[in-house]
Amino acid sequence: MDFKQSVFPRWRGFNILGMFCSTESCYNDFRSPGYFLEEDFKMMADCGFDFVRLPLSYRLWSDVKNPYEINEDKISRLDEAIYFAEKYGLHTNIAMHRLPGYCVNQDERIEEQGSLWCDKEALDAAVYQWAQIAKRYKNISTDKLSFNVINEPDRKITPLQYKMVNEGVINEVRKITPDRLFILDGICYGDIPPVDAMRYFENCGYSCRGYEPRRLTHYFGEKNEEKPKEIAEQPKQTNTNIDVTKFSLLNTLKGHANYAYSASYSPDGTKIVSASRDGIIKIWDANTGSCLQTLTGHTYFTLSASYSPDGTKI
């Protein structure tokens, strides 16, 4: 089969996370209020960008147990983003970060009902969700709006499953908007180009990631979120050459709902105070590792917490 090379515009831009996850998600640290701010789109345009990707979760307007019911008031906030993007000359890419049956992140308290890749019921619900979006924006030209079927299929997805899901969505959407441009993520979190699928889909672009090495690209990212803050004791030495192989783990402090940004000892060494992305500060017994007190009240995540020199305040 002969392949015809198409040339994409050299769009430049990034994600805006206003409808990235539901209020029940452990990732919702006030980045995803369920709407978008016009100032973000203006800032992008002022900085010379011409592309905005909107990662979305269907759970913002549908219930996991009833994905065929759409809350009009909630999904209508997406209309505002489409308007802002057009106003400031940005191409919009609607990207489903979560569809019925799949999300790359395990961040919701209630799991998906079935698998997008294996269960017909989940795929049918996902196709329905995409059909509603396609109908909603069918009058917006493809040079202003493109679709991304599903964000980052994981490493367990086979090429056949990948083809089945994308084909199901694309065929349904193309009944509504025949020339809609799709941008399809690669397999294995976007790392592997979906070469086997390229022969099946026309008017599609292929999006991959530059996530390697992950220790760098995901520094303070999702790969660290479930790892508790570990407090290690440094051996007493008088010189500056420290043998790190002699470090010993004293305690693992578990209790934060998101990853910890900082931890520090009290001046007398009996307590530890930690600050986390969950917006909570905790005080721990340095000897036992038990939580002594939880300080709440912040409306955003806490970057750092430490004791005053006399140990009476934090």
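Phe-36 and Phe-41 are both buried. The model that places them is predicted.

**Aromatic pairs**

- A pair of aromatic rings is described by two quantities, the distance of the centres and the angle of the planes.
- The count of aromatic pairs comes to 9.
- One of them joins Phe-14 and Phe-49, with 5.1 Å from centre to centre and 80° between the planes, an edge-to-face arrangement.
- Phe-14 belongs to strand 1, while Phe-49 sits in the loop between helix 1 and strand 2 (51–57), so this pair ties together parts that are 35 residues apart in sequence.
- Phe-14 is partly exposed, at 33% relative accessibility, and Phe-49 is also partly exposed, with a relative accessible area of 29%.
- The pair of Phe-36 and Phe-41 is edge-to-face because the ring centres are 6.2 Å apart and the planes stand at 70°, where the cut-off for edge-to-face is over 60 degrees.
- Ring pairs also connect Phe-36 and Phe-41 with Tyr-83 and Phe-84, and these four residues form a cluster.

**Charge over a ring**

- Arg-180 is placed over the face of Phe-147, at 5.1 Å from the centre of the ring.

- Most residues other than glycine have a negative phi.
- Glu-152 has a phi near 50°, which is a positive value in a residue other than glycine.
- The loop that holds Glu-152 runs between strand 5 (145–148) and helix 4 (159–176).
- Glu-152 counts as buried because its relative accessibility is 7%, against a cut-off of under 20%.
- Tyr-189 likewise is a residue other than glycine with a positive phi, near 65°.
- The position of Tyr-189 is in the loop between strand 6 (181–185) and strand 7 (204–207).
- With a relative accessible area of 14%, Tyr-189 is buried.

**A buried serine in a loop**

- Ser-22 is located in the loop between strand 1 (13–15) and helix 1 (38–46).
- The relative accessibility of Ser-22 is 6%, so Ser-22 counts as buried.
- When neighbours within four places in sequence are left aside, the contacts of Ser-22 are Asn-28, Ser-57, Arg-59, Leu-60 and Glu-108.

Definitions and conventions
Residues are numbered from 1 along each chain as its sequence is written. This is a predicted model: local features need pLDDT of at least 70, side-chain atom pairs count only at pLDDT 80 or more; totals for chains, interfaces and linings use all residues. Side-chain values use heavy atoms; hydrogens and water are left out. Helices (H or I, at least four residues) and strands (E, at least two) are DSSP runs, numbered from the N terminus. Buried means under 20% relative accessible area, exposed over 50%, partly exposed in between (1.4 Å probe, protein chains only). Contact means heavy atoms within 4.5 Å. Rings of Phe, Tyr and Trp (its six-membered ring) pair if their centres lie within 6.5 Å; planes under 30 degrees apart count as stacked, over 60 as edge-to-face and the rest as tilted. A charge sits over a ring if NZ of Lys or CZ of Arg is within 6 Å of the ring centre and within 35 degrees of the ring normal.
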